[in-house]
Amino acid sequence: MSSPEGFAAVFYSEPGVLGLLANVISAFLVALQNFAQVNSNILANGTENILAGVHLILIGGMTQLFAGLMAFRKYDHLGGTAFIAFSALWSSFGATRIIL
């Protein structure tokens with residue numbers, strides 16, 4: 001088992017900033033699409049849903065998964081668990097945007 005003394009934690013900076021930024025961008029993207037639907041009363045068509053789904057999977061899913069794994073590497077178990085849970089949320093939400 002590795003010890004914290006043998007790991008250069010400074011190399012990875014702070015994964016919490018990356019995870020929170022990915023969460024804000026994903027939520028802002030969904031909010032923009034919802035506001036456009038409320039104002040125009042027109043549902044998003046296939047292309048808009050596919051693009052939103054791909055962005056949610058890449059930004060919200062993969063980036064937060066990376067931030068969660070880096071948080072675990074820095075022995076921040078609460079942050080790592082939260083970012084991996086949000087990664088699963090945004091990835092599944094993006095997949096449903098693509099499929100449905």
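User: What are the elements here, going from the N terminus on?

Analyst: In this predicted model the elements run α-α-α from the N terminus, with 3 helices and 0 strands in the protein.

User: At what angle do H1 and H2 pack, and how far apart are their axes?

Analyst: Helix H1, residues 15–40, packs against helix H2, residues 46–73, at an angle of about 165°, and their axes lie 8 Å apart. Angles over 145 degrees count as roughly antiparallel, and H1 and H2 are therefore roughly antiparallel to each other.

User: Is that crossing left-handed or right-handed, and what residue classes make up the contact?

Analyst: H1 and H2 cross in a left-handed sense, and their contact comprises 13 nonpolar, 9 polar and 1 charged residues.

User: Switching to aromatics, how many pairs are there?

Analyst: The count comes to 1 aromatic pair; the ring centres of Trp90 and Phe93 are 6.3 Å apart and the planes stand at 70°, so the pair is edge-to-face.

User: Where do Trp90 and Phe93 sit in the helix?

Analyst: Both belong to helix H3, residues 77–99, where Trp90 and Phe93 are 3 residues apart and so separated by about one helical turn.

User: And is Trp90 buried or exposed?

Analyst: Trp90 is buried, at a relative accessible area of 9%, whereas Phe93 is partly exposed, at 30%.

User: What share of the protein's residues is buried overall?

Analyst: Of the 100 residues in the protein, 27% are buried. As for contacts between residues at least 6 apart in sequence, 76% of them join residues at least 24 apart.

Technical notes:
Residues are numbered from 1 along each chain as its sequence is written. This is a predicted model: local features need pLDDT of at least 70, side-chain atom pairs count only at pLDDT 80 or more; totals for chains, interfaces and linings use all residues. Side-chain values use heavy atoms; hydrogens and water are left out. Axes are lines fitted to C-alpha atoms, for helices over the stretch in contact, and angles run from 0 to 180 degrees between N-to-C directions. Helices (H or I, at least four residues) and strands (E, at least two) are DSSP runs, numbered from the N terminus. Angles under 35 degrees count as roughly parallel, over 145 as roughly antiparallel, 65 to 115 as roughly perpendicular and the rest as oblique. A crossing is left-handed if the near helix is turned anticlockwise from the far one by less than a right angle, and right-handed if clockwise. Ala, Val, Leu, Ile, Met, Phe, Trp, Tyr, Cys and Pro count as nonpolar, Asp, Glu, Lys and Arg as charged, and the others, Gly among them, as polar. Rings of Phe, Tyr and Trp (its six-membered ring) pair if their centres lie within 6.5 Å; planes under 30 degrees apart count as stacked, over 60 as edge-to-face and the rest as tilted. Buried means under 20% relative accessible area, exposed over 50%, partly exposed in between (1.4 Å probe, protein chains only). Contact means heavy atoms within 4.5 Å.
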